Amino acid sequence: MSVVERRHGGAISTTQRCKAAASGLVNRVTGAGRAYSFRRRRVVACGVVVVSLALAALLASGMHAALLHSGVMTGWMLISCLFLLVLIGVRRRIPVLPLGTMSVWTQVHIYTGLFAVGVFLLHVPAILHGRLIATGYLEGTLSGLFWFVSASGVYGLIASRRIPWRLTNVGEQVRLDQIPWYREQISRSVSDEVQSLTNPAAISVIGEFHRRYLSRYLSSKPSWLYLIYPTSVRRRRVLAGLVELNRYLEEEDCRVCGRIAALVRRRDDLDYQYALQLRLRVWVMLHSAASVALLVMAIIHGILAMRFVES
Amino acid sequence: MSRSPRRDEVDLPDPPRIQRPGRPFLCGRGQHGNHSAGDTQTATPCAEGPTIAGECPFAGRCHDDSGSGSGKKKTAGKKGANDFSPCRPIPTWAGRRRRWTAGVLLLFAFALVGVFGTSLAPEFVRPGNLSTSHAQILTGDLTAGGCTVCHGNVSAETWMAMKEAGHVGTEESLTMTDRCVACHHDRIPVDLATSAHNVSAETRLAIGEQRREIMLAAATDSSSVRTVSGSGVSKWWPPPAVSQDDVACSVCHREHHGADADLKAIADSRCQTCHSNRFGSFADSHPEFTNWPTSSEHAIAFDHSRHANMHFPKTAEAEGPNQTLASQFDCRSCHMIDPASQSDTRDALLNDSIVGTLPFEATCAACHEESLGVQIASGPALIELPILPREVAEQIESWPEDAIGPPDGKLSAWMLLLLHDQDPSVDFAPLSNLALVDWQSRSNQELAVRLGKAVREFAIALSIDGQAFLLDAAQRAGADLETSKAFAGSFPTQVMRDAASEWFGRSNVSASDRFSARQSAASDSLAATPDSGDGDLLVDWSAEGGDDLLLSGGANDDPLLLGGSSSNGDTQSNLLLPGGGATDRGLANWEDELGKRFDAARAQSLGGWYRDDLTLSIRYRGSGHSDAVLRSLVEVASKSDPVIRELVMQQPAVAACVSCHTSLPWRESHESSLRNRLTKFSHRPHLDITALQNCEHCHSMRPGSESEASSPSFAAATQPSPLTGDALYDTIGLLNHVSARPDASSDVSPHLAFGDTDADETTRHGHSDFLPLRKAACAHCHTASAAGDHCTTCHRYHVGDVSQQSTAVSPFEPVR
């Protein structure tokens, strides 16, 4: 092989290596060439959003240059997005109609929301100069609502993926509406365990502990602080107290203490599930209520804008 | 010890099967201490469940059971409950969520209704703070209308009161632009407020055509001038979506963007969307300057090059070692920085008075005053009797004998001017040179008769009405009031009365008496005046010469005339008579002296009106620079018929004026041409840069003729080519004179050139002695990252001329 051929071959191989590396990178990012994956869906959807935003920005720029109010166009685009975003609530309440799966609706909701945030930046360029909230009362409220809904949407996007995973790790999943019933049962079981004691010393020790600590823990709801940030501090404190009782008890009574400790753990699991499930539900409630308010304010803003815009 | 059980090893009973979490309430049996229903663990929720209002269905049955039959028990048994004790229903999450959501939304709705139904609405819907300038007016005490000042579709009392049409009251036809112009009509012409650049479509088209021609002409020199357009992404910008004749103010000026918002900020792309030539940055693709600022038209013709290279050095050489600073050519000797222009006001920016020149007395008089006095010494005649043939003169009543004879000479252009103004239907211009008139022609004879009669009537009218007649004539001819008053006020009517009486009021004296018409009181002609009793009361011809104190022998007592015979005998003491020595000499034979022709140069050296009996005329001798009478004559002539204007301009005194003042106004006017209004430039910020304090950094004096040809930009502007040279100058001149108003092009331009009205001549009298400024000189600093290169840095949008409009009366009152 001549030097020229070797050089030529080397050049080809380098080119091929570059192409292969680029193709591999694309495949890794997009998941192309493999079976359908969430990553591929995410990349494609994000690409669509980015391209759409670029087109919208180009259109807005062109309209601005053509002496038109590009804000009118972006405003209509925004309000259309808001309607589409709110429709997911309608779809959820009408499950019988063949309107597509909730998964598809959720994906559309997510990426439409991302697109709406981009369009909002086009609609209110002052945001890029650091003024997040408009100065007028109506528009200040509107922009505040928009940011709240957008932020809650982003939080929900994260929470809807993290919280179910954390709930699964806890163990058996209990419906939120059944948790009070389970709490009642646990409290009743603990009472039964205490009442089943026959050893006077155990009755005195465990009964006193139950009266002073356990019953209060089992009968009360978790605190607001726990609902916001659930921790195992309270559970560990109760369990530590139960362990302390063991040195005063016989073996049989220690076994009762062990069952009570299991019930306390069960109760803590329920509280944990309650806090996380409540967090999801409160988020949905706030997000949907704020979305409705945002839509109403946006409609009012649109009417006013169309009435006062001169050209 | 055995280990404790795991949490998942603890058995708990299964939850009740009958549950409806979607309902607002759940049955409370077996939950939350609801142990009244049997108080057992087996208590399960009833099948029916609580009502939507949260009531247990068994709550009322306890009472009914005591009096009713067993039917209810059967019903309860169907529910699966072992007893009929009521429970306390538990609110579900779904119920709570609905109630909270409904409550919040209801509160929100009430808040909206409360806001929009009250007077808070305008404040609430206001999208943002107004800019400072508008806010201090609209939100202050000066206006009570608030939003209604600008927005017609809102009520000041309650926003909800706006009508279906979107407007309130009788102002529904007013747009926001109308309301803007209601306040800004002093800067924006009302009728062209929505036209692009506030100029008419015709003017815009004319500008476009002229620009194209200039660019084409400049493009012939492809090595130096680049007419780049459409570079980069700019060519992809869309055309304007609005009509260029209907551009609302809000297209560019967006309010409610905060107090610090710049209402005048506009993107370059928005400027260029209407323009056919588009470009990116100033440095890279802005078209090269073709003739900036060489096309600036100046009222005073001043050849900088000749003064710098010829006159000043010659003066300095003549002065020798004693030369003063005044003999050195220095730009700042004439062009002073006006402190008033240092403010950044619109007027200061529009009128960059740094380039304004100092007055004649401070700059030019040292060299030119003496020669000017010589030039204006030969004053023009306000009225001059033409020499007419006898056959013509006989048809004119009392035409003086002295004015009869072979026609010769020229008619007074000033007189022709005023006669033409009195009767525009008659054109005496064919008789302007009497020697060249074909007197055999019947029509010429008839015209001469009309001329003679008109002159006679003019003289008599001038004698009777005097200054009032002149004031009216001057104003009617186009002179402004101040100049007309100065002109008319200077006129000595009595001189005219005497002249008219002498010319037309008595029998004509013989030609030999022409030189002794005012010879002396002893003249026999006065005593023998046969017409003294013909009713002419203007002059008491019967008066004896002794009554004329000026002419009588008693004149020896007149201290004004007899400076030499004053008591102290000091012949030089009479300061009122410049020629005191001559007067003194004349005293020896004053009668002979008075018999001679009146010598205005000697006896009236300071200027003024006098009668010339040789030419049978009333003349004016100019008093020097800025003489009011000569100014009025030039102003009137500038608005007169071109032929007559040409005749006036040939008069030596007038020619002396217009040799420098090539166009009106006399001094640099603040009224700029459209081109100058489109482009703004202020020397003030540039002079903060040390290098630019040297004027020649930008204004390079034109080199010699050899260098001229080698200068590419100069060659591009002057070398003959299909559209360069004179054609280019013509185009530039046209561009300078394009008015913002379509009808103004036919009117008298504020810059009216005299004499040779060619635009090239006008331009040469402008800045043509400087090399055109090149774009590179500006682009060095004017980049995006330095001094800025936005369109509005150098160009204005609102260039409509409002100077012709009366600003005292608004087209309509601002809406309050």
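Tutor: A residue counts as buried if 20 or more other C-beta atoms lie within 10 Å of its own, with C-beta atoms placed from the backbone. The model is predicted. By that criterion, 28% of the 816 residues of chain B are buried. The secondary structure of chain B comes to 35 helices and seven strands. Among contacts in chain B with a separation of 6 or more, 70% are made by residues 24 or more positions apart.

After α18(B) comes B:Gly478, with a positive phi, near 115°.

As for the annotated segments, an unreviewed UniProt entry lists residues 100-121 of chain B as "transmembrane region". Over residues 100-121 of chain B, the model has 82% helix and 0% strand, with 27 Å between the end C-alpha atoms.

For chain A, the unreviewed UniProt entry gives the label "transmembrane region" to residues 43-67, 73-90, 110-128, 140-158 and 282-304. Residues 73-90 of chain A are 100% helix and 0% strand, and their end C-alpha atoms lie 26 Å apart. Residues 140-158 of chain A are likewise 100% helix and 0% strand, with the end C-alpha atoms 27 Å apart.

Note on methods. Residues are numbered from 1 along each chain as its sequence is written. Chains are lettered from A and ligands numbered from 1 in the order in which they are written. This is a predicted model: local features need pLDDT of at least 70, side-chain atom pairs count only at pLDDT 80 or more; totals for chains, interfaces and linings use all residues. Helices (H or I, at least four residues) and strands (E, at least two) are DSSP runs, numbered from the N terminus. A residue is buried if 20 or more other C-beta atoms lie within 10 Å of its own, exposed if 12 or fewer, and partly exposed in between; C-beta atoms are placed from the backbone. Two residues are in contact if their C-beta atoms, placed from the backbone, lie within 7 Å. UniProt positions are given in the numbering used here, feature names are shortened, and annotations may be inferred rather than shown by experiment.
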